[in-house]
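User: I have a model to go through with you. Could you take me through the fold and the surface?

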Amino acid sequence: MGARNLIVCPLMDNFTFHNPTRLHFGRGQIAKISQELPSQARVLLLAGGGSIRENGVHSQVKAALGSRTVFEFFGVEANPDYATLMPAVELCRREKIEWVLPVGGGSVLDGSKFVAAAVHFAGDPWRILAERLSSLPHALPIGAVLTLPATGSEANGAAVISRRSTKEKLAFISPDVYPRFSILDPETTYSLPVRQIANGVGDAFAHVIEQYLTYPADAAIQDRFAEGVMQTLIEVGPRTLAHPTDYVARSNLVWAATCALNGWIGVGVPQDWATHMIGHELTALHNIDHARTLAIVLPSLLQVQREAKRGKLLQYGARVWGITEGTEDARIDAAIDRTRGFYGSIGIKTRLSDYGVGPDTAAEVARRLASRGMTGLGERGEVTPAMVEQILRLAA
Ligand code: NZQ
Ligand code: ZN
């Protein structure tokens, strides 16, 4: 039996791991900006709709910037838009900006990565997204102040940009846009509304699932680490919602969200990401919050993929939810139910109809993914457009 397992079980893949982001975690760490940025640097501070003015983060950042030459660009919206960001690109060119300093959530950080990459890009910057360019050696350096634990953008090279005029939402991933440093002060997140706290918990949970719930690869560290991050989110997510200024819960939530997508749990193992690709289409078409699209797609995807994911679904059920009784199929059903229930428990609804979206969107999402050549999603490339449609019909 052991020998047979050795033959049929895939092994951990070779990998090279390098995460260059220096993280400053904890209370009062915003002051570290002053030692991170060159004293003569010309800086563009990017921000969202104004939350950083209300919660005191902006004044802390300004104090840390001291006498540096700083330009400010507010108004980067949730699901940052290409049309919003291009004026920031032009401002950087005009004012010869040398550093980009996003202060906000994942949208502000992602928007800044695009701006940093676009400033010295020769040609139409939309190509960065349309062609998913990964070599962007002229990108400006980025330093980030994160105010919303969710995306992991503070310690990865990914960015997701929307283009509302064409209803597109596309990602690019490049080693050239990792933040050089990021500040993670859990107290900056106390002002988050419950909807955004829940979104953050739900997004981070899905990030772990996308890298873990695939097929076994005998990667013990990645598996145990992923299970630990999920168990931490299950524990501190509801606690943070109930007690927004509980520092212990909040600091663990912030760190869990970073660990969910800074590369550690994804090295050398198969990755899925079908839930995210389908979810991005739902945001582009129906303007549903990112995390909520994942909550709609994930339980149905697990159901449709239950045979392909059988081994890991059983492991997930046992180790994360303590499901050890019953037949294999009953345990898999229970694991999927607990996943759906977890989203419900943090106030995130899991059905398309909960968001006023009819079942017809299933065919439209499948068609759009196919038109982009995304005809084989998932860890084995087996999630066809027909299966995407099936998943969304099940999520109606
Ligand atoms: O704009 P402001 O006024 O700052 O308000 C924001 C925004 O309305 C508010 N907020 C942020 N920090 C706050 C706060 N309000 C009060 N107190 C604070 N401390 O929260 C709202 C949502 O912010 P947003 O940045 O959009 O949320 P999130 O961090 O969830 O980012 C979502 C975006 O990240 C992308 C998503 O697709 C979406 O566009 N993702 C990026 C990833 C990456 N770079 O690796 C991976 C993810 O899977 C995801 O796709
Ligand atoms: Zn996500």
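This is a predicted model: local features need pLDDT of at least 70, side-chain atom pairs count only at pLDDT 80 or more; totals for chains, interfaces and linings use all residues.

User: What is the strand order in the open sheet?

Analyst: The order of its 6 strands is 1-8-5-4-2-3, with parallel pairing; strands are DSSP runs of E of at least two residues, helices runs of H or I of at least four, both numbered from the N terminus, and pairing takes at least two DSSP bridges.

User: Which strands stand at the edges?

Analyst: Strand 1 (22-25) and strand 3 (69-73) do, and each has a single partner strand, so one side of each lacks a neighbour in the sheet.

User: Which helix lies across strand 4?

Analyst: Helix 6 (residues 106-118) lies across strand 2, strand 4 and strand 5 (143-146), at about 165° to strand 4. Angles run from 0 to 180 degrees between N-to-C directions, with axes fitted to C-alpha atoms, for helices over the stretch in contact, and contact means heavy atoms within 4.5 Å.

User: New topic: is Met12 buried or partly exposed?

Analyst: Met12 has 36% relative accessibility and therefore counts as partly exposed, between buried (under 20%) and exposed (over 50%), with a 1.4 Å probe and protein chains only. Met12 sits in the loop between helix 1 (2-8) and strand 1.

Note on methods
Residues are numbered from 1 along each chain as its sequence is written. Chains are lettered from A and ligands numbered from 1 in the order in which they are written. Side-chain values use heavy atoms; hydrogens and water are left out.
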